[in-house]
Amino acid sequence: MAAGQYNFAIEQGSTLIKQFTYKDSNGTVVNLNGYTASMQIRSDINSETKIADFNSSILNGGLSIIPTSGSAISGTIQLNIHAESSSLYTFETAVYDIEIKSGDIVTRLLQGRIKLSKEVTR
């Protein structure tokens, strides 16, 4: 399965909480128990420098695998970027992807562009 495409914005200086629910081709939530999730933001696909690095296997790593709303299945990945972190971002646009891993199997779920909406009040 090819990674989904999703673009979004980060408001500089604001807390961002965004949830991504993994569903199969039938629309059924996929159980992510036993998986880890990771996400990186880079200025472009070829950049060696990471703007941000999130990982569900690290306490307060910015990503969590949580139960999907209205379900007992843990099929949602939640991204948390604190205001203190987003206030340090200076990019105009960037790219990201989200991968999940179970054992030796890695699946890229989502990819896209991020636009930074610059703050005025600081």
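**Order of elements.** I read the elements of the protein chain from the N terminus on as β-β-β-β-β-β-β-α-β-β, which comes to 1 helix and 9 strands, where helices (H or I, at least four residues) and strands (E, at least two) are DSSP runs numbered from the N terminus. I then looked up the radius of gyration, taken over C-alpha atoms, with the globule rule being 2.2 Å times the number of residues to the power 0.38; the value is 15 Å, close to the 14 Å that the rule gives for 122 residues, so the chain is as compact as a globular protein of that length.

**Basis.** I note that this is a predicted model, in which local features need pLDDT of at least 70 and side-chain atom pairs count only at pLDDT 80 or more, while totals for chains, interfaces and linings use all residues. Residues are numbered from 1 along each chain as its sequence is written, and side-chain values use heavy atoms, with hydrogens and water left out.

**Threonine 68.** I located this residue in the loop between strand E6 (63-66) and strand E7 (76-81), where threonine 68 is buried with a relative accessible area of 9%. Its side chain reaches the backbone nitrogen of glycine 75 at 3.3 Å, and, not counting residues up to four places away in sequence, threonine 68 touches Thr21, Val29, Ile73, Ser74, Gly75 and Thr76.

**Aromatic rings.** I find 5 aromatic pairs, a pair being rings of Phe, Tyr and Trp (its six-membered ring) with centres within 6.5 Å, stacked with planes under 30 degrees apart, edge-to-face over 60 and tilted for the rest. The rings of tyrosine 89 and phenylalanine 91 have centres 5.7 Å apart and planes at 40°, so I record the pair as tilted; tyrosine 89 is buried at 8% relative accessibility and phenylalanine 91 is buried at 9%. Ring pairs also link Tyr6, Phe8, Phe20 and Tyr96 into a cluster.

Definitions and conventions:
Buried < 20%, exposed > 50% of the residue type's maximum accessible area, 1.4 Å probe, protein only. Polar contact = N/O pair within 3.5 Å; in protein donor to acceptor, adjacent residues only side chain to side chain. Contact = heavy atoms within 4.5 Å.
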